[in-house]
Amino acid sequence: MNKKFLSAILFGALMVSSTGTFVSCKDYDDDIDRIDNTLNDLKSQIAALQTEVANGNWVTSVTPTEGGFTVVFKDGKTYTIVNGKDGEKGDKGEDGKGTEVTVKDGYWYIDGEKTDYLAVTSEDLKEVKVPYINEEDGYWYFYNDKGEAEKSPYKATGAAYAVNDGGVFTLYMPDANGVMQTIKLPTAASAISSIEFLDNDYQAIKNLNEITLLYWDAAATTEWKGPRGNISNNITTYSTDLSGNNNVLYTRIAPSSVDASELAFSLIDTKDNVASIALAAKKYDGMLTRAAENGLYDITVVPGSYADGGDANKLANQFLSSGANKAMALKPATANYRSLFNVKVIPAKQTTAPLTNINLNGNYVTIVGVDKTTGVAYQTKVGQEVVVSVTKECNLYDMYLSASEEDKALFGIIFSEDGRSFKATKSPDNVTDATIDLEVYTLPNIGGNSNIKKTTIRVEINRTLGEATYDKQTKQPNKTNYSFLVSADKLKASLSSDLNAWYASVKTDVNVLQNIYDDEACTVISDLGTNGGATTNMNNKQVAVTMNVDNDNQVTPANIATKLNYLKFQLDINKTVKPLKIGKTYYAKLSFVDKTSNIELNYVVVPFELTKPELNTILVKESGVFRDGKDLAQAYMYWGDATTKVTGKSYYQSNYYIDRAFTDMQKKLSDAKMVTSPTFAIDDANNVLDAEGKDTGKKASYFASIVNPVPSSTNRAHVSLKEDTDGNGSRDVAGYKKDLNVKFTGAYLDVTGDDSWKYAKTYQFRVMSPILEGEAVAANNVVEVSATGRTKLYKENIWAKTYNNDVKYDIFAKGKAAGVIEWYRSDIANVTFSTGNKNVFEVTVATPTVPVAATATAPAVDSYIEVEGVTENTAKLKVAVDDIWGYTLNSSVDIKTTLNTGK
């Protein structure tokens with residue numbers, strides 16, 4: 001073994017199969033600080049790092065730098081920490097760099113070469129026994145298979161080094177006196193406090209999680225040139241089938257501030273044996289039906305290969321115990337925290353690995369191994385990335401792409417590093433279409449030179465005359481067949497010097513909308529259609545875009561240079577099936593094609609969003625009904641709405657018409673094209689409160705119902721109080737003056753096919769009588785009458801007020817018609833007076849008289865009542881005002897009997 005000297009950083013991993021490294025740092029005479037935070041001595045350096053840790057910051061990386069390390073924290077703060085004392089120079093490696101030591105297959109590797117030193121674990125901690133520097137001789141000591149420390153040939157005298165133990169870096173730094181100082185720096189992995197698995201909707205805890213691990217006893221290759229290199233002898237390849245919702249661990253990781261997508265994950269069994277597969281986390285970025293929580297990830301197995309030593313089942317056996325599947329737990333590769341042992345890996349040995357079809361940007365092109373060089377070529381644009389895939393990705397070991405040197409130079413073809421995509425960066429010399437032969441090389445997981453396939457695909461690369469993305473157009477449609485105009489200026493500006501050539505070539509009499517997309521890159525087609533879903537949304541024809549503004553402004557090849565000023569968006573919103581959504585940004589990709597070949601010349605993207613009016617602009621609350629900005633309607637019944645009498649009774653049903661609470665309600669609903677969808681309904685989600693705010697323990701449906709729930713000008717929706725709420729046969733209008741919950745629902749333009757068009761709001765209606773909520777009033781607060789005779793009282797002496805103190809009304813008779821007394825208010829049914837104390841006065845005329853008009857021989861006689869004094873004192877005159885809804889206002893005024901008073 002060659003002797004080498006290490007001034008090292010040790011990225012040691014905890015478990016045997018985790019990857020750990022320590023990389024040497026060079027010693028320098030002068031400390032150099034060249035990053036964000038410059039610290040002059042080791043003591044202040046360590047203090048600064050301790051402050052960051054105390055503030056909850058954690059480390060994202062520790063890397064060697066001149067004389068020490070660069071430490072980067074999660075918030076981007078960067079520190080350089082360097083030796084306080086020069087380490088012994090020693091001999092350096094051949095390349096002048098330090099030596100990298102890695103844990104792999106249970107052994108320490110030196111610069112990629114396996115040593116004889118095991119990365120052994122201790123029985124108590126089940127952790128890798130990390131090599132250490134002996135301070136006496138300055139050499140690294142490794143542990144042998146007996147767990148005993150052995151001196152190695154690797155010297156590291158005076159070197160600074162760091163150990164990653166359980167996701168916590170421990171930095172060992174010699175100070176100016178050569179004394180080793182330490183500081184512990186937690187990483188994101190060490191901060192993890194919870195790992196739990198959910199169902200594929202991220203809604204519920206999932207107690208059993210299964211992964212089917214596909215594996216192959218792969219045949220070696222010698223001719224493969226792809227990124228993963230040849231398959232060696234005695235290699236097991238493995239992957240998982242991710243189609244559908246299979247083999248994904250839907251995971252919630254806490255705290256949510258940890259970015260788990262930057263961490264590697266492992267699976268361990270109950271004996272802390274780490275499986276020889278790696279897993280990776282991808283942030284979940286979808287929408288949930290409930291409030292989404294942060295910290296959601298899709299965790300999957302990273303396809304790979306395993307050196308099995310000639311035992312094709314060696315990898316599979318890591319997940320089995322006596323033939324049964326082991327219980328496994330998920331953990332970060334560099335930290336100790338793990339999930340529950342509720343993951344089961346089911347090894348499934350495969351003997352075939354069909355790849356099936358080749359797809360370009362998700363579109364089928366040909367079968368693997370079958371060239372596609374005739375017929376219509378696959379169309380792409382200059383600058384457009386084309387992703388190549390196979391139908392059975394789980395069976396694919398590796399892929400790479402190629403083309404002729406001539407084509408690569410002519411079109412500036414660039415291939416991605418992973419061998420899965422390409423794009424042309426140069427335009428052909430003219431508008432004439434040009435093609436290349438794309439070579440797709442594939443190797444399945446089964447391996448073997450004979451399974452390497454080359455598939456040639458003819459690809460046509462079209463020149464793009466211009467591209468542009470418009471500013472978002474925000475529109476509020478007022479009908480489902482709504483249209484709006486977008487200026488053509490940006491389109492024409494994008495064509496620049498090619499504009500005249502474009503005028504001469506473009507087809508004018510077509511719908512130029514290629515499709516509607518959910519993303520700015522125009523890769524996810526919006527699901528707006530019928531007859532099959534997202535890929536057929538054009539069949540629904542909810543959107544069309546033309547160059548013609550109207551019939552009088554038709555754009556033709558002859559006049560396009562002067563007539564093309566706008567692009568007209570014509571919407572035909574489907575009311576019931578997958579309509580365009582409100583509040584969502586859509587991306588309309590407009591494609592302009594050659595009038596002869598129909599080949600795309602250019603395109604523009606126009607983002608647009610539809611809005612709807614706020615509900616409070618449709619249901620505009622009357623300020624006299626809804627007070628103080630609240631949603632509680634002081635719902636006083638109106639005599640003009642009293643049309644239906646209670647069966648067998650002389651009084652009317654207690655109804656409050658909802659349109660009384662909102663300004664021009666029916667017109668505004670009509671203006672919003674809301675005809676069939678608006679509905680008022682009793683809302684029993686919560687109990688009803690009384691006027692004092694106390695819970696009645698009852699739902700609104702106990703007290704009332706809604707008549708004509710879908711309002712119209714002829715069938716007005718109204719709240720109708722139940723006359724007999726307890727069902728005992730007698731009148732019991734318990735809903736009177738209760739805050740009844742009434743919910744409005746409706747859909748703008750009557751588009752009911754998506755919730756974004758809908759409104760929903762609950763109001764409270766406190767139904768009351770304006771008469772019952774008032775009171776009787778005496779002039780000057782008291783009426784004086786004779787204590788020894790009779791006194792007539794008129795409307796100047798006594799009157800009443802409604803709930804609104806400013807509204808005064810007469811409670812004496814106005815006249816008589818058809819034998820029935822007429823009152824000054826149409827909601828009065830009758831008025832009677834009575835004494836409150838017969839020992840003070842009697843009421844001799846209790847019902848107001850009918851007024852008599854003046855005649856030639858007699859003066860007019862106003863309506864009056866009459867009282868007769870008994871003794872000198874003050875007592876109450878009772879006033880009972882019956883309203884037309886069957887309620888009675890029982891009020892009173894003061895009567896003072898005095899001597900020598902009377903009329």
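The model is a predicted one, in which local features require a pLDDT of at least 70, side-chain atom pairs count only at pLDDT 80 or more, and totals for chains, interfaces and linings use all residues. Residues are numbered from 1 along each chain as its sequence is written, and side-chain values use heavy atoms, with hydrogens and water left out.

I begin with confidence. The average pLDDT of the chain (the predictor's confidence in each residue, from 0 to 100) is 84, and 80% of the residues score at least 70. Over residues 1–39, however, the pLDDT is below 50, although this stretch has 165 contacts (heavy atoms within 4.5 Å) beyond near neighbours in sequence. Residues 120–127 also stay under 50, and for them the model has 20 contacts beyond four places in sequence. Where pLDDT is low, the predicted coordinates should not be read in detail.

I turn to the chain as a whole. Its secondary structure comes to ten helices and 63 strands; these are DSSP runs numbered from the N terminus, with helices being H or I of at least four residues and strands being E of at least two. Of the 903 residues, 47% count as buried, that is, under 20% relative accessible area, where exposed is over 50% and partly exposed lies in between (1.4 Å probe, protein chains only). Among contacts between residues at least 6 apart in sequence, 64% join residues at least 24 apart.

Next come the spaces in the model. They are found on a 1 Å grid over the protein atoms alone: a cavity is a set of points where a 1.4 Å probe fits but cannot get out, a pocket is an open set with protein on both sides within 12 Å along at least five of seven lines, and lining residues have an atom within 4 Å of a point. Grid points are joined across faces, edges and corners, and a volume is the space filled by probe spheres set on the points.

The second largest pocket has a volume of about 1100 Å³. Its lining has 33 residues, of which Gln 384, Gln 514, Tyr 517, Cys 522 and Lys 589 are the closest to the centre. Strands β29 (378–381), β30 (386–390), β39 (513–517), β42 (585–593) and β43 (600–610) each give two or more residues to this lining.

The structure also holds four cavities of 30 Å³ or more. The second largest cavity contains about 50 Å³ of space, and the residues that line this cavity include Met 637, Asp 641, Tyr 652 and Trp 885.

Finally, I consider the backbone. Most residues other than glycine have a negative phi, and most peptide bonds are trans. Ala 254 and Pro 255 are joined by a cis peptide bond, with omega about 0°, and Pro 255 lies in the loop between β18 (249–254) and β19 (264–268). Asn 234 has a positive phi, near 55°, and is placed in the loop between β16 (209–218) and β17 (235–239). Asn 234 counts as partly exposed, at 42% relative accessibility. Thr 356 has a positive phi as well, near 70°, in the loop between β26 (343–350) and β27 (357–360); Thr 356 is partly exposed at 34% relative accessibility.
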